[in-house]
Amino acid sequence: MSVLMNTEVDKLSVMYEGDKNRDATDKIRGFLFQDYVAIMCLLQNQVKYVCSEYLEDVDIFFEDGTFEFIQVKYYPKTYPNMKEISTDLYYQYLRLQMLRSTLKAKPSLYIHRNSKVEKPAFDKMKEYIELGNALPKSVPYPDVADSAAWLKTKVYTTNKKELQKKTLFVDMASEDSLKEFVSKYDIFFQVDIKRYKKELMEALARAYPNPDKDGNDEHWQFILLGLAISYIQRRYTLVNPVFDQLRVDKKEFDRYMTESAKTKTEQTIASYLAGIVCEKYGEIINSNDLSDIQTHMLNMICQNTVRWINEIGKTVDGQYQLLNTYSMDDVGKIAGYRGAPVDDRLLYVAECKQGFLVFLEYLWKIMLNICQKKANNEPRNSARLEMFDPLYYVDSSVTDYVCLNFPEDKYVNHSVILPRAGGNFKGVKRKIVERIVNMLTKPEKWFFENSKLTRGKNYYNYSTANVNENPTVADLGEDSFYIECMDCIGIDEDEWGIQEDCNSCIFSMKCVKEEA
């Protein structure tokens with residue numbers, strides 16, 4: 001069996017060689033959805049390995065030799081390009097046949113859409129590959145070594161996917177292989193991302209029950225989701241990976257989840273927060289009509305946020321830094337966090353969930369606005385990947401809160417996103433001032449949503465904390481700070497598709513609401 005598998009891995013590696021460097025502008029949807037699919041597959045019986053972003057969005061290897069290669073599409077409102085999807089999968093199937101793979105190929109489309117799509121019949125597939133009467137009944141393939149060499153010299157000379165497919169189909173497609181493909185091709189309709197996440201979290205909780213019988217079931221499910229997502233996404237940062245690095249072994253995944261579930265640690269808290277990040281992403285995707293590029297950007301921002309939260313959340317000091325940013329409690333309660341046992345700290349982090357969500361919403365929307373403007377104005381330089389990473393905007397020299405330094409904001413170097421105060425603005429503001437007044441590096445600008453807010457310049461000195469001089473940001477002096485009301489940044493349902501110009505509002509010299 002090991003010799004056979006090595007042979008099959010070599011064949012898959014030949015296929016991956018042609019895929020890994022090709023133009024992937026079409027892969028702009030559903031990174032999180034496909035991770036959910038991958039995790040759900042790992043919970044199935046008879047699964048041996050799962051790969052994400054190998055040949056297709058998700059590849060599943062079963063114990064009986066079945067190889068299911070899956071395109072995962074999330075199109076709640078728009079119609080999927082069935083020609084592109086189906087020919088992508090036929091391209092994979094045809095290469096497996098050329099290389100004489102012994103794996104039992106199973107091409108699949110996992111899709112969420114409000115109305116169902118039909119699987120293309122043979123005649124439609126024949127139309128899709130655009131060979132017409134030139135399509136032969138059968139094609140004799142070269143031997144394995146010659147097929148591999150042919151693919152490298154004829155197909156992989158371009159990184160354009162459509163050209164690769166066209167070249168392969170012209171010489172190697174046939175009626176026989178197309179009929180076989182259609183007979184094996186299947187479409188599986190999925191629920192929306194929120195329901196799928198809920199079902200996945202429940203499945204994880206059944207597989208890995210909370211050892212604390214009196215524990216909070218919802219918190220436990222978020223922890224498990226964060227653990228699983230983090231395990232899957234470790235592979236996305238690998239450079240030039242090979243199959244053995246990309247695959248997720250079901251048995252290894254099970255051991256990791258079982259061991260992680262036994263005892264609460266700092267990683268438990270980080271995983272809970274990572275689960276919340278995934279929840280917020282799903283809500284945004286489900287509640288907004290985003291363009292393809294906006295979805296792609298938000299995917300990247302979310303993915304980087306999961307990595308950042310896993311890193312900062314794995315230490316007590318990092319957790320404290322986050323809480324000191326978005327908690328609405330006073331300095332005394334926050335100060336006691338470090339000395340509390342892990343169970344109590346997890347509970348407190350969960351209590352502050354709403355503040356964390358507001359922090360994510362504003363951070364992501366500001367980043368999304370910045371990235372969109374950069375892409376629109378400087379298309380040649382728009383692929384600066386660091387712009388999609390929260391760490392690019394975080395001043396790492398400040399450790400007592402998450403200090404933001406947006407390069408686009410020319411007036412201040414230290415900003416902070418604060419929680420929504422609701423109807424208790426004065427009380428919340430007092431508690432926040434109590435915390436920030438003793439910080440070595442005080443934020444010069446507060447991004448602080450509140451409809452009752454007195455905008456503009458304020459002071460860290462209590463006796464003058466409510467003074468408003470109607471100044472500009474440029475007028476800030478020592479021990480003062482400027483409050484942005486965030487009215488110009490839309491984070492509600494249906495507002496994420498709207499691009500705001502931050503330079504004209506939250507990064508401007510003066511709050512535009514004051515000028516109105």
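**Figure 1. Helix 4 packs against helix 7 in the predicted model.** Helix 4 covers residues 122–129 and helix 7 covers residues 175–184. Their axes lie 10 Å apart, and the angle between them is about 125 degrees. That angle makes helix 4 oblique to helix 7. The crossing of the two helices is right-handed. On the side of helix 4, the residues in contact are Phe122, Met125, Lys126 and Ile129. Helix 7 meets them with Glu175, Leu178, Lys179, Phe181 and Val182. Sorted by class, this contact has six nonpolar residues, three charged residues and no polar ones.

**Figure 2. Helix 8 crosses helix 9.** Helix 8 is formed by residues 193–207 and helix 9 by residues 217–233. The two axes come within 9 Å and cross at roughly 95 degrees. Helix 8 is therefore roughly perpendicular to helix 9. Helix 8 contributes Lys197, Leu200, Met201, Glu202, Leu204 and Ala205 to the contact, while helix 9 contributes Gln221, Phe222, Leu224, Leu225 and Ala228. Of the residues in this contact, eight are nonpolar, one is polar and two are charged.

**Figure 3. Helix 12 runs beside helix 13.** Residues 266–287 make up helix 12, and residues 292–312 make up helix 13. Their axes come within 8 Å and cross at roughly 170 degrees. At this angle, helix 12 counts as roughly antiparallel to helix 13. The crossing is right-handed. In helix 12, the contact includes Gln267, Ala270, Ser271, Leu273 and Ala274. Further along helix 12, Val277, Cys278, Tyr281, Ile284 and Ile285 also take part. The partners in helix 13 are Thr295, Leu298, Asn299, Cys302, Thr305, Val306, Ile309 and Asn310. By class, the contact has twelve nonpolar and six polar residues, with no charged ones.

**Figure 4. Ser230 sits in helix 9.** Ser230 counts as buried because its relative accessibility is 10%, and the cut-off for buried is under 20%. Leaving aside residues up to four places away in sequence, Ser230 touches Ala274, Val306 and Asn310. Of these, Ala274 belongs to helix 12, whereas Val306 and Asn310 belong to helix 13. Arg307 is 77 residues from Ser230 in sequence, yet the C-alpha atoms of the two are 7.5 Å apart in space.

Figure 5. Strands in a sheet pair through backbone hydrogen bonds. Strand 3 (residues 66–74) and strand 4 (residues 104–112) pair in the parallel sense, over nine bridges. Within this pair, Phe67 has Ala105 of strand 4 as its bridge partner.

Figure 6. The secondary structure of the chain comes to 19 helices and ten strands. Among contacts with a separation of 6 or more, 75% join residues 24 or more positions apart.

Methods
Residues numbered from 1 in each chain as written. Predicted model: local features only at pLDDT ≥ 70, side-chain atom pairs only at ≥ 80, totals over all residues. Heavy atoms only, no water. Axes fitted to C-alpha atoms, helices over the stretch in contact; angles between N-to-C directions. Helix = DSSP H or I, 4+ residues; strand = E, 2+ residues; numbered from the N terminus. Parallel < 35°, antiparallel > 145°, perpendicular 65-115°, else oblique. Contact = heavy atoms within 4.5 Å. Nonpolar A, V, L, I, M, F, W, Y, C, P; charged D, E, K, R; others polar. Pairing = 2+ DSSP bridges. Left-handed = near helix turned anticlockwise from the far one by under 90°. Buried < 20%, exposed > 50% of the residue type's maximum accessible area, 1.4 Å probe, protein only.
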